[in-house]
Amino acid sequence: MNKDFTNQINTKSKFAILIMAHHQFDILKKLLMMLDDERNDIYIHIDKKAKSFNPNEFENICKKSHIIFLPRMSVYWGHSSIVECELRMMEAALNSGINYSYIHLLSGQDLQIKKNEDIFKFFDENPNKQFIALRNVYSGIYGMNRYYFFMPIRYYNKYISRGLDIISEYIQKKLKVNRLKNIDYQLCKCQQWVSITSECARYIVSQREFIKNFTKFTCCSDEMFLGTIIVNSPFKDQIYHPYHSLIGHMRLIDRERPEGASPHTMTMSDWNMIESSPCFWSRKFDINKDTEIIDKVFEKWKS
């Protein structure tokens with residue numbers, strides 16, 4: 001991994017919002033209305049597999065923000081296609097000719113829980129910091145099966161994929177496979193939803209060849225590549241450390257009550273937590289589980 005990078009970018013208070021979405025587009029519409037601000041350029045990727053998406057429904061959602069829909073690709077759970085999609089979105093923002101002060105990655109099931117003015121004020125007061133939620137830092141390979149072994153099966157239902165992975169892991173253990181035996185860098189896991197400076201994003205995309213080799217034939221590499229790149233870069237000392245590192249990315253995501261491999265879905269019972277949170281965005285929301293909380297968050301934002 002190349003650790004030499006020169007900071008040559010002048011920044012100003014303008015954001016690139018990168019949104020990855022694949023369904024429940026009514027939530028996305030509300031999120032876009034919340035984000036609508038002349039200082040926000042919004043880059044949206046819609047999974048190619050999403051047949052229900054109608055771009056005409058989004059023509060007049062935003063009155064101030066510039067919305068850019070990126071060329072669509074198929075993205076699969078746990079697959080390196082997620083990483084490729086994130087890199088393409090970063091490159092689109094970086095190649096726009098606009099010097100964004102921050103690049104924020106959101107999902108299509110996020111909602112904004114603070115006003116735009118509060119968000120811009122916070123990032124203006126905390127320049128040149130990287131807002132990522134470090135989950136675990138590994139100095140070795142313990143507990144790293146999804147990277148320790150090759151996991152080539154990623155185009156199926158995630159439960160079928162996991163079953164095939166178990167069989168593959170068993171065989172590879174017998175063959176003493178160790179794809180991490182020659183690494184000379186620190187491994188670090190973080191949530192993929194981050195807010196980083198353009199300089200940091202430019203450094204990340206400059207590591208494409210490393211990322212390709214690092215994420216190939218792995219499971220859930222989107223949870224590992226960003227943290228690993230940043231903690232092995234000049235940007236390591238810029239990581240923002242509030243009182244709780246799990247909200248270091250300023251997003252309210254409840255992983256204490258997971259639903260399988262996914263975080264907790266917000267409901268009306270979580271309203272007090274959402275209202276009192278210092279975070280700017282929250283996920284995840286689900287129309288099929290609780291529409292009332294979605295409407296309440298949106299109405300609170302409008303008030």
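Select R257 and D254: their side chains meet in a salt bridge, 2.6 Å from N to O. A salt bridge here is a side-chain nitrogen of Lys or Arg within 4 Å of a carboxyl oxygen of Asp or Glu. The model is predicted, so local features need pLDDT of at least 70 and side-chain atom pairs count only at pLDDT 80 or more, while totals for chains, interfaces and linings use all residues. Residues are numbered from 1 along each chain as its sequence is written, and side-chain values use heavy atoms, with hydrogens and water left out.

Stay on this pair and show the surface. D254 is buried, at 8% relative accessible area. R257 is partly exposed, at 35%. Buried means under 20% relative accessible area, exposed over 50%, and partly exposed in between (1.4 Å probe, protein chains only).

Next, select K300 and E275. Their side chains form a salt bridge, 3.6 Å from N to O. K300 sits in helix 10 (residues 291-302) and E275 in helix 9 (residues 271-276), so the bridge ties together parts 25 residues apart in sequence. Helices are DSSP runs of H or I, at least four residues long, numbered from the N terminus. K300 is partly exposed, with a relative accessible area of 43%. E275 is also partly exposed, at 41%.

Move to helix 3 (residues 116-125), which holds both K121 and E125. They are four residues apart, about one turn of the helix. The closest N and O atoms of their salt bridge are 2.7 Å apart.

Now show helix 2 (residues 81-94) with helix 7 (residues 208-215). Their axes come within 11 Å and cross at roughly 165°. That makes helix 2 roughly antiparallel to helix 7. Axes are lines fitted to C-alpha atoms over the stretch in contact, with angles from 0 to 180 degrees between N-to-C directions; over 145 counts as roughly antiparallel.

Which residues of helix 2 meet helix 7? Select V83, E84, L87, R88 and E91; across from them are R208, I211 and T215 in helix 7. Contact means heavy atoms within 4.5 Å. Colour these residues by type: three are nonpolar, one is polar and four are charged.

To finish, zoom out: a search of the whole structure finds 17 salt bridges.

Definitions and conventions:
Helices (H or I, at least four residues) and strands (E, at least two) are DSSP runs, numbered from the N terminus. Angles under 35 degrees count as roughly parallel, over 145 as roughly antiparallel, 65 to 115 as roughly perpendicular and the rest as oblique. Ala, Val, Leu, Ile, Met, Phe, Trp, Tyr, Cys and Pro count as nonpolar, Asp, Glu, Lys and Arg as charged, and the others, Gly among them, as polar.
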